[in-house]
Amino acid sequence: MRQRIRALKEPIPRENQKILADRWNGLPPELQVPQQALGRHLPHCGFVLGPAYCSFGCTHCYLPRNANKAPLPTLEQMKAQVDANRRLLGHAGHLQITGGDVVDAYVRADRVEELLEIVSYACDAGLIPMLMTHGQRLLENPQILEDLVVRAGLRKVAIHIDVTQAGRPGFPRRELRDETDLHPLRQQFADLVLEVRRRTGQALTAAHTVTVTEDNLESVGEIVRWLIGDPSRLKAFSMLSLQPEADIGRTRSSKRPATPEATWREVCRALGRDGLAEDNLYFGDPACSRMTTVGVLGDGRILDALPGDPKSLALRGEIARVFGGAGGRGADLTDAVLRRIGIIARHPTAPISALRYVNQALRQSDLGWLDLIRAAAGGRLGWLNIVQHNFMSAEEVRRGGPEVERRLDACSFRGAVEREDGWHAVPMCSLNTDERESIYDRQIAKAAERSAAPKRAAAGG
């Protein structure tokens, strides 16, 4: 009860206010714009550097070559990473539970209970964890996902599916022509998520992550069409995250790499739009990401929920300024509602700004309030967040320069990494370039030393 009262009295926690202000003030002036999410909604998305192992052999893998040799972190090490991320992210910060494929790694090591404890620990710390996986072990043993939801509090999972994957039973890479061949697999995962939601009564949602290469660029739109083609799929998959290939780790680069621009064109084409705004929402530097949110009505009409016109940007900036830091999707529902009630009590005109914004978005999509209400009332309204993350290649990061430094300084994807002088929020592009391989080398060496110590002691005896 004290926590509920605190949510009303202090809807944006003081620690969040400070973290967000520091992040905003640390951005270059040209990035302090109404559509900027960092410093308003969140400081960044965090991640833990979890088990490095993955049983797949994908053609575009960002893991270094020594990844599968690295030992699993101890439970204490994982909790320390969670704690460090919590300090950097604040209340209701978003934390990716990742590494290699963490589910794959813990199943192989017969340590699934540890994974449940890590997710539970992150939830108890006040974070919103998302489990990153290729999902194969969850298909083979759905009870793991149900346990993660019921016993650990997991509400978000990201499932990677695309034609670059090698090792998926029943879907050999050499027989995949394009992304349409993987639609039956996507349906299996949609059914799994919906079934777990039905069985547990919890609002589990999934993100669908995709690496975009020359092999699947022209069929990226088919993934979008598949998702919006059935409202039930949008109840399972609330996000599509597209990642144009970057020459990192074990990646075998394409002869003609897929570019961010070409990838976005395929998204626009699939939604039947000549061009969705590319500067409607910033997650740090606009060169690093693009994002849009669309509402899909049952008759196939599309609502562009993040239009990029000046009036919409100004309204959305005002809403972000007022509500930013209160916690996003995946947070405790009661807590989130109380915090927003507390904000509205302090800013009574905020709902009017929100209604004006929705009205503006409807008009630009040639829709009316009645269209939206009818679709929602009939269960025929779905929402899809489409995100495009443009990672830098290792060579780009090593080469450096003002643009690279600006992108790294404004990075929205940072994990807590312990260095000699303490914990730091390290951009993923920096980590993937050289540091991750060095971390694994040290872990491998320490494991070898521990293994050799009993042998030396026995020999000495």
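1. Leaving aside residues up to four places away in sequence, Ala-67 touches Ala-52, Tyr-53 and Tyr-440, where contact means heavy atoms within 4.5 Å. Ala-67 is found in the loop between E1 and helix H3 (75-89); helices (H or I, at least four residues) and strands (E, at least two) are DSSP runs, numbered from the N terminus. The relative accessible area of Ala-67 is 0%, so this residue is buried, on a scale in which buried means under 20% relative accessible area, exposed over 50% and partly exposed in between (1.4 Å probe, protein chains only). Ala-67 and Arg-14 are 53 residues apart in sequence, and their C-alpha atoms lie 39 Å apart in space.

2. A word on the basis of these values. This is a predicted model, in which local features need pLDDT of at least 70 and side-chain atom pairs count only at pLDDT 80 or more, while totals for chains, interfaces and linings use all residues. Residues are numbered from 1 along each chain as its sequence is written, and side-chain values use heavy atoms, with hydrogens and water left out.

3. The model contains an open sheet of nine strands in the order E1-E2-E3-E4-E5-E6-E9-E7-E8, with mixed pairing; two strands pair if DSSP finds at least two bridges between them. Its edge strands, each pairing on one side only, are E1 (46-49) and E8 (302-304). From one strand to the next the twist averages 25 degrees. Helix H5 (residues 112-124) packs on this sheet, touching E2 (94-98) and E3 (128-133), and its direction makes about 150 degrees with that of E3; axes are lines fitted to C-alpha atoms, for helices over the stretch in contact, and angles run from 0 to 180 degrees between N-to-C directions. Helix H15 (residues 369-377) lies across E7, E8 and E9, running at about 100 degrees to E9.

4. The hairpin of E7 and E8 has four residues between the strands, and in it Gly-300 takes a positive phi near 95 degrees.

5. Helix H13 (residues 333-346) gives the largest share of the patch, three residues. Ile-341 is placed in H13 and is partly exposed, with a relative accessible area of 45%.

6. A search of the whole structure finds 25 salt bridges, a salt bridge being a side-chain nitrogen of Lys or Arg within 4 Å of a carboxyl oxygen of Asp or Glu. In one of them, Glu-140 pairs with Arg-137, the closest N and O atoms being 3.0 Å apart. Because these two residues are three residues apart in helix H6 (residues 136-140), they are separated by about one helical turn. Glu-140 is partly exposed at 47% relative accessibility, whereas Arg-137 is buried at 16%. Asp-104, Arg-137 and Glu-140 are linked in a network of salt bridges.

7. Another salt bridge joins the side chains of Glu-146 and Arg-199 (2.8 Å, N to O). This pair links distant parts of the chain, 53 residues apart, with Glu-146 in helix H7 (residues 142-150) and Arg-199 in helix H8 (residues 183-200). Glu-146 is buried at 13% relative accessible area, while Arg-199 is partly exposed at 49%.
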